[in-house]
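Work through the exercises below with the sequence and the model open. Each task is followed by a solution in steps.

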Amino acid sequence: MDPKTTDWSKLDFSYKYVPYRFHSYWKDGAWDNGKLTTENKLLIDEGAVCLHYGQEIFEGMKAQRSKDGRIRLFRPYENARRFNESAWRLLMPEIPEDRFIDAIKQTLLANEEYIPPYGTGAAMYIRPFMLGVGENLGVKPAKEYQFIVFVTPVGPYFKEGFNPISLKVETYYDRAAAHGIGQAKAGGNYSASLLPLKNAQDEGFNEVVYLDPIHHKYFEETGASNVFFVLKDNVIATPKSESILNSIVRRSVMDVAREDFGYRVEERQVSVDEIDTFLEAGACGTAAVITPIGCLGYEGKRYKFYADGKEPGPITTQLYKHLTALQVGDIEDTRGWLEEVC
Ligand SMILES: *Cc1c(COP(=O)(O)O)cnc(C)c1O
């Protein structure tokens, strides 16, 4: 892509080559200093643990420009912490938080002209990841690791943008086991979600919302975002579970909802039996931002929320406006959530 001729407002959520990415290597107990490179292909051992046994973790973040052109990250130390929690679960080496952030900043600055301008709805998506590499055959942790950060400019994750999507409540397949790796941002969770996602899309839904793997009764999350439900009396409920990914955007939105807008936020098990009582529903995460859910398909029936599922509800809209304004620095960052890149 050519940043000089790109129509930023028309970008989709896809990979586009930009000149630089950051590569670092771990061997004999230590990370090297790492460096920027223009090479976007990897040369790894055919027996690498990541290829056969899924020893891979990643993060997803966004850099955005504020009105004055400055570039900001949203709570990047939370991503650094979660990356190391994922590393712990998959027996991979930790990466010091400052190194993680520094690698991201270097990659952003090297590709600065590709960071979408303010007000276009586009952002620079950041994908840090780690792979278990080196010679291997048996099931055991790798002896060497590669840490990479690439960036790519993106538009909305769902082509609908801020318009309601429909989700299939998945009653058969699970995304993650009860005490598996659902809490880790690890590749294997997403390969498990491809078939249910395809089935749901073939049935006309945009995405899947999973139920808990033990009872198939309590909502978990979609394949790539957490969810929340607006109930009567200004209550917002969001699923609590040990097998979902602990979304930083969901935590942020719930803090804002409680502290700035006075909603009663309940982080608890949310049963499918409550589906009739939802006034609004939303998906939230870095990629999804806040995406309104207009309809849930459950056991052959379609449950529709605000405006018969055709328009975003007022509370979802209020939270979306507040979050997006906060992320680009249009409203004051009273919580110290924004990290300046330059
Ligand atoms: C990344 C991800 C999220 C969102 O997390 P954020 O920290 O808000 O970006 C939610 N669910 C799953 C399964 C994810 O992979």
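**Exercise 1.** How far does a polar side-chain atom of Thr-286 lie from an oxygen atom of the ligand?

Solution. The model is predicted: local features need pLDDT of at least 70, side-chain atom pairs count only at pLDDT 80 or more, and totals for chains, interfaces and linings use all residues. Residues are numbered from 1 along each chain as its sequence is written, and side-chain values use heavy atoms, with hydrogens and water left out.

- Step 1: the Thr-286 atom is 2.5 Å from the ligand oxygen.
- Step 2: Tyr-190 also places a polar side-chain atom by a ligand oxygen, at 2.4 Å.
- Step 3: Glu-221 faces a nitrogen atom of the ligand instead, at 2.6 Å.
- Step 4: the protein covers 97% of the 380 Å² of accessible area that the ligand has on its own (Shrake-Rupley method, 1.4 Å probe).

**Exercise 2.** Describe the shell around the ligand.

Solution. 

- Step 1: count the residues with a heavy atom within 4 Å of the ligand. There are 15, and Lys-185 and Ser-247 are among the closest.
- Step 2: sort them. The shell holds 5 nonpolar, 6 polar and 4 charged residues. Here Tyr and Cys are among the nonpolar types, Gly among the polar ones.

**Exercise 3.** How many disulfides are there?

Solution. 

- Step 1: apply the rule, a pair of cysteine sulfur atoms within 2.5 Å. The count is 0.
- Step 2: check Cys-284. Its nearest cysteine sulfur belongs to Cys-295, 19 Å away.

Conventions. A residue is near a molecule or strand if one of its heavy atoms lies within 4 Å of it. A polar contact is a pair of N or O atoms within 3.5 Å; within protein, one must be able to donate a hydrogen and the other to accept it, and residues adjacent in sequence count only if both atoms are side-chain atoms.
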